Amino acid sequence: MLPLLLAWLHAVNDLFSNFLTPLLPKLMAHFGVGLGTVGLLVSVYSLTGSLLQPLAGLVADRMDRRVLAALGPVLVALGMGSLGLWPRFEGLLLVLGLAGLGSALFHASGASLVGELAPGNRRGFWLSFFGSAGYLGLSLGPVVALFTVGAWGLKGLFWLTPLALLPALVLLRLPPVRRQGRPAGWRDFLRVFRGDVARLWGMATLRSLVFMSFSTTLPYWFAQRGITDAYTAVSLSTYSFSATLGAFLGGTLSDRWGRKAVLVGTLTFGLPLYLALLFFPAENPLYLVFLALTGALMNAGIPVAVAMAQELEPGQTATVSGLLMGFTWGFAGLFYAPIGHLIEVFGVMPVLLVLGVLLFPAWILARSVRGAVPSRA
């Protein structure tokens, strides 16, 4: 029951997390500020929600992770649900910083609990199930946010908070989950930034940087080429749905074929598919097939990398989960602003081609990681 409950909380956590971006125009009108100012909300939430995940994991590795996994989505839901309730912009800025911290606590502790409670020969499946629930929440977030605000205004978002509050209360009624043995300390925390876990993080960050840059640039690139908004929306939905499916299949297949084989294999096939997306005519229906395959392959490696890291560092599963999840995306996201500037200067194709070169060192790092033998318990 606990993995299913955590998957539901992951979907709800990420559902609320994706309210902010589609509602920026309405928040600009609500507070009477410009895009640059309201964009601070996104920056603060992203920084606390992504880059603090390893530190959140260190806390989770020393506490009852069940409590933190319940608290995190509640903070996110209350923060995003109260977007229309704050009279001053500064108040909302502080609240969203706390909501981001809640998301960091949940991702680190939730993934840790799922990985530890799953049988060793099914860890990949359950981490994939947990991860794909988050992708599903992310994909539904904008639709739910815009529908709710359209019907009841920004204040109506608060009525969605029971989606997180009720399952969190159920989780708190379950028995405590505490780690056995010596709790992880600061020296243990620093150790995960070396060796195989660090190689996994480097691989995941390079991989994320390439495909985050591609998917973020896609609407701008299609607009330059005169491609309709409708086709752009279909393309983004195709990529999002295939990413969800890939996240589910990746860990599941790694239980049967081995973690390292799936990780290296997805990168091996990912490079030619990435090149196909750059050179193949977007108007051709086969482009959507390439886009779906690429989205599935590139996201299939995420739960696999988390499972490998947990098996390599069984005493710090929350810390390494935070490192391989939010910290990876947050660190890669920091580089998109300069990449966007380079795209404006040199054009989309040259910059995306150069970024594709980063898949080679990612592939080398994946091959260099030693595979831990998962527990069969």
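Q: What volume does the second largest pocket have?
A: The structure is a predicted model. In this model, the lining of the second largest pocket comprises 17 residues. The pocket has a volume of about 280 Å³.

Q: Which helix supplies the largest share of the lining of the second largest pocket?
A: Helices α11 (229-257), α12 (259-279) and α13 (286-312) each contribute at least two lining residues. The lining divides into 12 nonpolar, five polar and no charged residues. The largest share, eight residues, comes from α11.

Q: Is alanine 168 buried or exposed?
A: Alanine 168 belongs to helix α8 (residues 162-172). Beyond its neighbours within four places in sequence, alanine 168 contacts Leu9, Ala70 and Val74. Its relative accessible area is 3%, and because buried means under 20%, alanine 168 is buried.

Q: Why is the pair of phenylalanine 16 and phenylalanine 19 tilted?
A: The whole structure holds 13 aromatic pairs. In the pair of phenylalanine 16 and phenylalanine 19, the ring centres are 5.1 Å apart. Planes under 30 degrees apart count as stacked and those over 60 as edge-to-face. The planes here stand at 50°, so the pair is tilted.

Q: How many residues apart are phenylalanine 214 and tyrosine 274?
A: The rings of phenylalanine 214 and tyrosine 274 have centres 6.1 Å apart and planes at 70°, so the pair is edge-to-face. Both residues are buried. The pair links distant parts of the chain, with phenylalanine 214 in helix α10 (residues 195-224) and tyrosine 274 in helix α12, and the separation is 60 residues.

Terms used:
Residues numbered from 1 in each chain as written. Predicted model: local features only at pLDDT ≥ 70, side-chain atom pairs only at ≥ 80, totals over all residues. Heavy atoms only, no water. 1 Å grid on protein atoms, 1.4 Å probe; cavity = no way out; pocket = protein on both sides within 12 Å on 5 of 7 lines; lining within 4 Å. Points joined across faces, edges and corners; volume = space filled by probe spheres on them. Helix = DSSP H or I, 4+ residues; strand = E, 2+ residues; numbered from the N terminus. Nonpolar A, V, L, I, M, F, W, Y, C, P; charged D, E, K, R; others polar. Buried < 20%, exposed > 50% of the residue type's maximum accessible area, 1.4 Å probe, protein only. Contact = heavy atoms within 4.5 Å. Phe/Tyr/Trp six-rings, centres within 6.5 Å; stacked < 30°, edge-to-face > 60°.
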